[in-house]
Amino acid sequence: MEDSEPQFSDNTTTGMLDSESPAMESNGDALFPDLPVPGQTADWSPDQVAPEPLSNILPEDSDASQEAMGQEQQQNQQMNSSELGSVDKAVEQFHLANAQLFQEQQPPPPPPPPLQPGAESAGSQEMSVEPESAEQDGSEGGTQEPQVTEDAMVIEQPKMEESSIPAEPELPSEFEKLFKGCEENPEDFNAWVYLLQYVEQENVLLAVRKAFDLFFLRYPYCYGYWKKYADIEKKHGNIQVAEEVYRRGLQAIPLSVDLWIHYLTFIKENSDSSDPETEGRIRASYEHAVLAAGTDFRSDRLWESYINWETEQQKLANVTAIYDRILGIPTQMYSQHFQRFKDHVQSNHPKHFLSEEEFVQLRLELSKASLSAMVSDDGESQIAQEELPPGTEDLADPAKRVTEIENMRHKVIEARQELFNHNEHEVSKRWAFEEGIKRPYFHVKALEKTQLNNWKEYLDFEIENGTPERVVVLFERCLIACALYEEFWTKYAKYLDGFSTEGVRHVYNKACTIHLPKKPSTHLLWAAFEEQQGNVEEARRILQALEVAIPGLAIVRLRRVSLERRHGNLEAAEMLLREAMESAKNSTETTFYAVKLARQLVKVQKSLSKAKKVLLEAIEKDQTSPKLYLNLLELEYSGDVSQNEAEILACFDRALKSPMPLESRLLFSQRKVEFLEDFGSDINALVAAYEEQQQLHKESESSKRKAENGYDSSQESDAKRQRTDDGSTAAANTMTDMTANNSAYNYNWYQQQYGGWGQNSWGQYNQYAQYNQYYPPPPT
């Protein structure tokens, strides 16, 4: 097996995991709704799996799953892909296939026997950890329970002096510098690479564990670093800790064929060959591997490793059972598997590569077929079953024996030929998509558009044509290469929605907490999902955590406000908006939240006075914002216009006397004239408003003529020119706001229709404007 350890270089851009190598072409992840976080000890132990014949362990078809029910009994669960009627079953099957590695319960350990000098338990080396390993693990040496003898006498343990406890080694200053940089900027992948490279070179175990554990919280899909971490622990003699690292890695990325192969090699190298239970533990580990990653299109090396190991154990019937599973799974080397299966059948005796039950049944079928061919139309035959030897014993006649063996081989291959043909058809439908996958592993570099489109089309095809199990596996494969693209996480969650609530929750949780911690769209969808499920507190927690991670996002604050409003917490909603106003970084943000708060107060809480007070206080802080005046006008217009005439005119006057730009004040003046024309009760007020508008209009025309005559504004002072620029921007915003609020108070409709009259007085007769082009002007 090729060594796939990651290589480093001194180049900043390339000094990272050599993920472009072919050894990294198989990675993955699976569905784990309730798994322990990295760093926790896995509950599963290979000692629990008793060595049983593979015929009692293996399912009959490739999509089966199993669950251990005790130390001496295992129950088969057959789940054919054709029987998967829902996504819920597929998710459940996928979960059981992988989580079984970590969630099987261990029996309570027996009470320790009394200590005797020179005596040592037979299994002490396997169940206990040496003091050196314990110190390297960083575990605390807690106080030991006093031992009690048979006559109830307590044996006092010698107290350990403080000076005898070794102090933790001081970490190098360079490590602290690199580690702090990764903590402050966890998105810098190159910084992580240099940190891990440094701790590996320094070989300080405490620094190694600290760096790798924090790295995997952010990048758990880098399977090569899981192997490096386990290798470092192994070099320090911590075999059990190294195995725990492998299990943590397989829990994070259970579709990684390479990591499974490294783990299986590790347990085979570190197992006691003289132990009769070793074979059963290794076989159980292979079963966990193929159940977790065996349906991957590129899982051929894992199946071949399993077959080769069973061949080494001379369990040819188990080899046949494995071939029966792989021949029904679409993989890249499907044809090679069938050819090797035929070689396996042709080079071995049927009684060796078939189970006794299948061998006897096949012998009986061949005997009946041969007998029926020899029977005449009206003749009778002897009972062929009596002539057959019992069990798997050979026939007495050598000629019949050779014929039977050849017929059995032909029958076995013929029975698998139909399965192979169907599998070949399934592979052909997926071959183009698989050829389009150029980077199936995780990397921080962006994927090409062709790669992303290929994944989208492949997923759509599998959803429409594949079984739920294969859809789930393909999504998990996709999210390895596309872990940093939120559209695929959202697509996966939508597919699972309605079938597996826990599956959707797990997808959102993994996306938001590990891979997309600063992508607000996915967090908002997660919060909406939890609110739909009735988990209001969880939705509130998600939004709060997102606002802490990305402070200042208006959409997050407004989503929190709407959440509280939907559930009747109006005071909390109001408080959130007021907090946003106080913590705003500039006047624009303050104005934005003030308008939102005023609308909430008047539309939801039905408090016109509080809404008006909010706007007036905001105007005092920012007197140049047309939005505030427009929303104040909207509040006044919402009541009885005849009763609120004085308040409306006062609002107009406040806007006209403000330091807003001239263009903005001209629009408000024109609007005041419109209001008095439609609803005013005093002609004198209308005439005064009209004169005021004309005066502002003259000022505006004068400024425009200066610009047309080549007035150089650069000669003005910076402060004056800044006010002019701000005025132009504010006027444009005012025009937009006027249009947006036109539905609330449509009093400038005639301006829109007749305001342009005179600018093009020809109207529809503009075609005659070129009259002088053909005829000279008349003499004067």
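Me: In which sense does H8 pass H10, in a left-handed or a right-handed crossing?

Reply: The model is predicted, so local features need pLDDT of at least 70 and side-chain atom pairs count only at pLDDT 80 or more, whereas totals for chains, interfaces and linings use all residues. Residues are numbered from 1 along each chain as its sequence is written, and side-chain values use heavy atoms, with hydrogens and water left out. Helices (H or I, at least four residues) and strands (E, at least two) are DSSP runs numbered from the N terminus. A crossing is left-handed if the near helix is turned anticlockwise from the far one by less than a right angle, and right-handed if clockwise; the crossing of H8 past H10 is left-handed.

Me: Are H8 and H10 roughly parallel or roughly antiparallel to each other?

Reply: Axes are lines fitted to C-alpha atoms, for helices over the stretch in contact, and angles run from 0 to 180 degrees between N-to-C directions. Helix H8 (residues 223-235) and helix H10 (residues 257-269) have axes 9 Å apart, at an angle of about 20 degrees. Angles under 35 degrees count as roughly parallel, over 145 as roughly antiparallel, 65 to 115 as roughly perpendicular and the rest as oblique. H8 and H10 are therefore roughly parallel.

Me: Which residues of H10 make the contact with H8?

Reply: Contact means heavy atoms within 4.5 Å. H8 contributes Tyr223, Trp226, Lys227 and Lys234, and these meet, on H10, Asp258, Leu259, His262, Phe266 and Glu269.

Me: How many aromatic pairs does the whole structure hold?

Reply: Rings of Phe, Tyr and Trp (its six-membered ring) pair if their centres lie within 6.5 Å; planes under 30 degrees apart count as stacked, over 60 as edge-to-face and the rest as tilted. A search of the whole structure gives a total of 33.

Me: How many residues apart in sequence are the parts tied together by Phe297 and Trp431?

Reply: Phe297 and Trp431 form an edge-to-face pair, 6.0 Å centre to centre with 70 degrees between the planes. Phe297 lies in the loop between helices H11 (278-293) and H12 (300-312), and Trp431 in helix H18 (residues 398-435), so the separation in sequence is 134 residues.

Me: Is Trp431 buried or partly exposed?

Reply: Buried means under 20% relative accessible area, exposed over 50%, and partly exposed in between (1.4 Å probe, protein chains only). Phe297, at 2%, is buried. Trp431 has a value of 33% and is partly exposed.
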